[in-house]
Amino acid sequence: MSRPVAVITETEELDPGPGLRLLSEAGFDARFVGSRDPEAIAAAAHDADALIVGYASVDGALLDRLPKVRMLATMSAGYDMIDTAEAARRGLWVANLPDSATEDVAVHALAQALALLRCLPQADAAVRGGGWNSDFTEVPRRASELTLGLVGFGRIARTLARIAAPVFGRVVAHDPHAADWPEDVERADLDTLVAEADVLSLHTPSTARTREMVNGPLLARMRPGGILVNVSRGDLIDADAVLDALDSGRLAGAALDVFPTEPPAADDRLRRHPRLLLSPHSAFRTDTSLRAYVCGPARNVIAWWTTGRPNTPVVTPEAPTAPGSTAPALRTAPTQGAPA
């Protein structure tokens, strides 16, 4: 009996080794492409049963070239790189990693917000430039008198709310889909949230409705001197509108871990504005999360193959079937090892 095939597209800076070893030990023919190029992926995964995806785009055209694939696993909480409607139409499973770096991203967002509130970039520049208090004219605001506003209230935003609550005077959130609202977080519509937040932190996926939601009209509704934090998706902001708000003083500062284009061009104004605090899409990075991002998808694939269901599905086929079969896709354990 031939071994099942699982292919990892690319991992950017992550080491794919631990994930490949888990798959191999569970009996898979495990392969690594190392590219987002659909031609390279199609060549390496033409006989794949499962595809593990980093940032590569998986659409109908690519899936046409992967006739055996029945399982798509992402290396992130986000799964917008996959055409989920097309996956569902084809009866494919899609699984993500909802909690691998929740704490890390929430801590990063809080660190960025507090660094801007305390004017740390300006203070650092003053001291490094040979100055002292007389050369540092920024006056920080007291965080306990300010409102933290969260756009979206999923796992990361909830963790941020919990760790930020002792620091801020109020925590307010907007999410029409969230349930089980905690008592210490106020619920508001988006217009109210934007008007009352001193720090606006974005925690919503990229969709047709949310792309460039932070635009000129929204920023105009913020309190003067507000702060924007984005650790979610780069296309949630209109970059020109954010830069204009920084220039006008409507925003006192903004912290970006994600960008509309990654990496931004060397001459991109986002790289140069003095009131922007930037990080290179690294909010998720800790020693623990880096391993989870390659091992978690492998475990999703192994669980799907051995039980018929991944650990954390986001698309569940109505009637999943094994390739070439009308029977439910419940798998027996591979003969060459067991899940780690």
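This is a predicted model: local features need pLDDT of at least 70, side-chain atom pairs count only at pLDDT 80 or more; totals for chains, interfaces and linings use all residues.
Local features need pLDDT of at least 70, side-chain atom pairs count only at pLDDT 80 or more, and totals for chains, interfaces and linings use all residues. Residues are numbered from 1 along each chain as its sequence is written, and side-chain values use heavy atoms, without hydrogens and water.

Q: What volume lies in the largest cavity?
A: A cavity is a set of points, on a 1 Å grid over the protein atoms alone, where a 1.4 Å probe fits but cannot get out. Points are joined across faces, edges and corners, and a volume is the space filled by probe spheres set on them. For the largest cavity this space is about 30 Å³.

Q: Which residues line the largest cavity?
A: Lining residues have an atom within 4 Å of a point. Those of the largest cavity are Leu-116, Pro-121, Gln-122, Pro-274, Arg-275, Leu-276 and Leu-277.

Q: What is the volume of the second largest pocket?
A: A pocket is an open set with protein on both sides within 12 Å along at least five of seven lines. For the second largest pocket, the volume is about 220 Å³. Of its 13 lining residues, the closest to its centre are Leu-116, Cys-119, Glu-138, Ala-252 and Arg-275.

Q: Is Cys-119 buried or exposed?
A: Buried means under 20% relative accessible area and exposed over 50%, with partly exposed in between (1.4 Å probe, protein chains only). Because its relative accessible area is 7%, Cys-119 is buried.

Q: How many disulfides does the structure hold?
A: A disulfide is a pair of cysteine sulfur atoms within 2.5 Å. The number in this structure is zero.
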